[in-house]
Amino acid sequence: MIDYKIGFSTDIHRFKNEGDYILLGGVKIKTDNLSIVAHSDGDCLLHALAESILSSLGMEDLGTYFDDRDDKYLNYDSKKILKFSLDELHKRNWKIRNVCINITLQQPRLSEYKKLIKENLCQLLNLSSEDISVHAGTNEKLDDIGKGLAIKVDSTILIYKEV
Ligand SMILES: [Zn+2]
């Protein structure tokens, strides 16, 4: 018999008008005078993904394990945060069945980057492209995300193990 569990997380970060790139799913995306405000490297997608794994395991939120006031995590590589979640998953003998990522932002345009992000996630999670979706949309100019002041990423995940 196979047991399944679902996980969900959403992460939001403010933008600031300086810098020339943002990180999403480990992919460097060129920007014009725009970067993400964060204590870590600001990879909003990896934060949502890592936390959705913790969510599926019934663990606490990311901030419980990675204190954003701790200097240890200044400019921290978010791939290490993902690795922490994956280690917790594998310790308990769970595997990822599929992942759905939804990015909401007004700028920059992601159309040319979505494929790269997906390929990178396939590698990081050791999944085939049929088991990962990376969707992106604007917020129709509504609210602060729509004004281009912030980015939000939602991650839904299904995990399984044989019991
Ligand atoms: Zn974050």
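**Entry 1: Ile53**

I began with Ile53, which, apart from neighbours within four places in sequence, is in contact with Gly7, Ser85, Leu86, Leu89 and Ile157. I count two residues as in contact if their C-beta atoms, placed from the backbone, lie within 7 Å. The model is a predicted one, in which local features need pLDDT of at least 70 and side-chain atom pairs count only at pLDDT 80 or more, while totals for chains, interfaces and linings use all residues. Residues are numbered from 1 along each chain as its sequence is written.

Where does Ile53 lie? I found Ile53 in helix α1. Helices (H or I, at least four residues) and strands (E, at least two) are DSSP runs, numbered from the N terminus. Ile53 is buried, since 26 other C-beta atoms lie within 10 Å. In these notes a residue is buried if 20 or more other C-beta atoms lie within 10 Å of its own, exposed if 12 or fewer, and partly exposed in between, with C-beta atoms placed from the backbone.

**Entry 2: the whole protein**

I then noted 5 helices and 7 strands in the protein. Their order from the N terminus is β-β-β-β-α-α-α-β-α-β-α-β. The radius of gyration is 16 Å, close to the 15 Å that the globule rule gives for 163 residues, so the protein is as compact as a globular protein of that length. This radius is taken over C-alpha atoms, and the globule rule is 2.2 Å times the number of residues to the power 0.38. Along its principal axes the C-alpha trace spans about 50 × 35 × 25 Å. Of the 163 residues, 34% are buried. Among contacts with a separation of 6 or more, 72% join residues 24 or more positions apart.

**Entry 3: helix α1**

I returned to the helix that holds Ile53. The 13 residues of α1 should span 18 Å at 1.5 Å a residue, and its end C-alpha atoms are 18 Å apart, which agrees. The expected span of a helix is 1.5 Å times one less than its number of residues. How many residues of α1 are buried? I found 13 of the 13 buried, so α1 is largely enclosed by the rest of the structure. Just after α1, Gly58 takes a positive phi of about 75 degrees.

**Entry 4: helix α3**

I turned to α3, residues 78-91, where the first and last C-alpha atoms of its 14 residues are 20 Å apart, close to the expected 20 Å. Its buried residues are Ser78, Ile81, Leu82, Ser85 and Leu89. They cover an arc of only 100 degrees around the axis, which puts them on the same side of α3. The arc is that of the directions from the helix axis to the C-beta atoms. The cover over these buried residues includes α1 (44-56), α2 (62-65), α4 (114-125) and β7 (150-162). On the face turned away from the buried side I noted the exposed residues Asp87, His90 and Lys91.

**Entry 5: helix α4**

Which residues of α4 are buried? I listed Ile117, Asn120 and Leu121. Seen down the axis, they fall within an arc of 100 degrees, so they line one face of α4. Their cover includes β2, β3 (27-30) and β6. On the other side of α4, Lys115 and Gln123 are exposed.

**Entry 6: the nonpolar core**

A nonpolar core is a set of buried Ala, Val, Leu, Ile, Met, Phe, Trp, Tyr and Cys residues joined through C-beta atoms within 7 Å. In the largest, which has 35 residues, Leu24, Leu45, Leu49 and Ala50 touch the most other members. I noted that β2 (21-24), α1, α3, β5 (95-104), α4, β6 (132-137) and β7 each supply at least two residues. The most come from α1, with 8 residues. Beyond neighbours within four places in sequence, the contacts of Leu24 are Ile29, Asp43, Cys44, Leu45, Ile103 and Ile117.

**Entry 7: strand pairing**

Two strands pair if DSSP finds at least two bridges between them. I found that β1 (residues 2-16) and β7 run antiparallel, joined by 13 bridges. Phe8 has Thr156 in β7 as its bridge partner. The pairing of β5 with β7 is also antiparallel, over 9 bridges. Ile159 in β7 stands opposite Ile96.
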